[in-house]
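Colleague: Thanks for making time for this. Could you walk me through the fold, starting with the overall picture and then the helix packing?

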Amino acid sequence: MKLSQKLTKESVSPYFDQWAVLTAEISSLHQNRSNQTAAQMLQGLELFKALLAHCENQILPMNGHERIHFIEQHLANYAAFRQLDELFSEMKKKIAAKRIQMKNGLV
């Protein structure tokens, strides 16, 4: 399957929809200082890695590997949650930009 087919809204939106659900859960866990935060964060990190694989690792936010490593090392930390949330946000923007480039024949 070509990258352009993998970057359609229909193919990538399930990742972002799942992240929206996880974000609410993780945020609540942090507010309640739960010890289950790390498990939910690991699920979110795996979801992000699945999104990267879906995009054939051709789209990655700036310092993506370093940020992923930080998240892996600090799963229960609120800062790691914010980093993962930002990675998803940046991926959404990068995918949209890539879609526009492909539509205009720039890639």
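This is a predicted model: local features need pLDDT of at least 70, side-chain atom pairs count only at pLDDT 80 or more; totals for chains, interfaces and linings use all residues.

Colleague: How many helices and strands does the protein chain have, and what pattern does it follow along the sequence?

Modeller: The count for the protein chain is 5 helices and 0 strands. Read in sequence order, that gives the pattern α-α-α-α-α.

Colleague: What box do the C-alpha atoms fill, and what share of the residues counts as buried?

Modeller: Along the principal axes, the C-alpha atoms fill a box of roughly 50 × 25 × 20 Å. The protein chain has 107 residues, and the share that counts as buried is 36%.

Colleague: Now the packing. How are α2 and α5 oriented, roughly parallel or roughly antiparallel?

Modeller: Helix α2 covers residues 9-31, and its axis lies 11 Å from that of α5. The angle between the two is about 160°. Since angles over 145 degrees fall in that class, α2 and α5 are roughly antiparallel.

Colleague: Which hand does the crossing of α2 and α5 have, and how do the residues of their contact divide?

Modeller: The crossing of α2 and α5 is left-handed. On the α2 side, the residues that meet α5 include Val12, Phe16, Trp19 and Ile26. Among their partners in α5 are Phe81, Leu84, Phe88 and Ile95. The contact of α2 with α5 divides into 11 nonpolar, 3 polar and 4 charged residues.

Colleague: And α4 with α5: what are the angle and the distance between their axes?

Modeller: Here helix α4 (residues 64-73) packs on helix α5 (residues 78-103), and α4 passes α5 in a left-handed crossing. The angle is about 145°, with the axes 9 Å apart.

Colleague: Which residues in α4 meet α5?

Modeller: From α5, the residues taking part are Ala79, Ala80, Gln83, Leu84, Glu86, Leu87 and Glu90. Overall, the contact of α4 with α5 has 7 nonpolar, 2 polar and 3 charged residues. The residues in α4 are Gly64, Arg67, Ile68, Phe70 and Ile71.

Colleague: Let me pick out Thr23. Is Thr23 buried or exposed, and which residues does Thr23 touch beyond four places away in sequence?

Modeller: Thr23 lies in helix α2. Its relative accessibility is 18%, so Thr23 counts as buried, the cut-off being under 20%. A polar atom of the Thr23 side chain lies 2.7 Å from the backbone oxygen of Trp19. Leaving out residues up to four places away, Thr23 touches Phe81 and Asp85.

Colleague: What about Lys9: buried or exposed?

Modeller: Lys9 also belongs to helix α2. Between the C-alpha atoms of Lys9 and Leu22 there are 20 Å in space, for 13 residues in sequence. The relative accessible area of Lys9 is 58%, and because the cut-off is over 50%, Lys9 is exposed.

Note on methods:
Residues are numbered from 1 along each chain as its sequence is written. Side-chain values use heavy atoms; hydrogens and water are left out. Axes are lines fitted to C-alpha atoms, for helices over the stretch in contact, and angles run from 0 to 180 degrees between N-to-C directions. Helices (H or I, at least four residues) and strands (E, at least two) are DSSP runs, numbered from the N terminus. A crossing is left-handed if the near helix is turned anticlockwise from the far one by less than a right angle, and right-handed if clockwise. Contact means heavy atoms within 4.5 Å. Ala, Val, Leu, Ile, Met, Phe, Trp, Tyr, Cys and Pro count as nonpolar, Asp, Glu, Lys and Arg as charged, and the others, Gly among them, as polar. Angles under 35 degrees count as roughly parallel, over 145 as roughly antiparallel, 65 to 115 as roughly perpendicular and the rest as oblique. Buried means under 20% relative accessible area, exposed over 50%, partly exposed in between (1.4 Å probe, protein chains only). A polar contact is a pair of N or O atoms within 3.5 Å; within protein, one must be able to donate a hydrogen and the other to accept it, and residues adjacent in sequence count only if both atoms are side-chain atoms.
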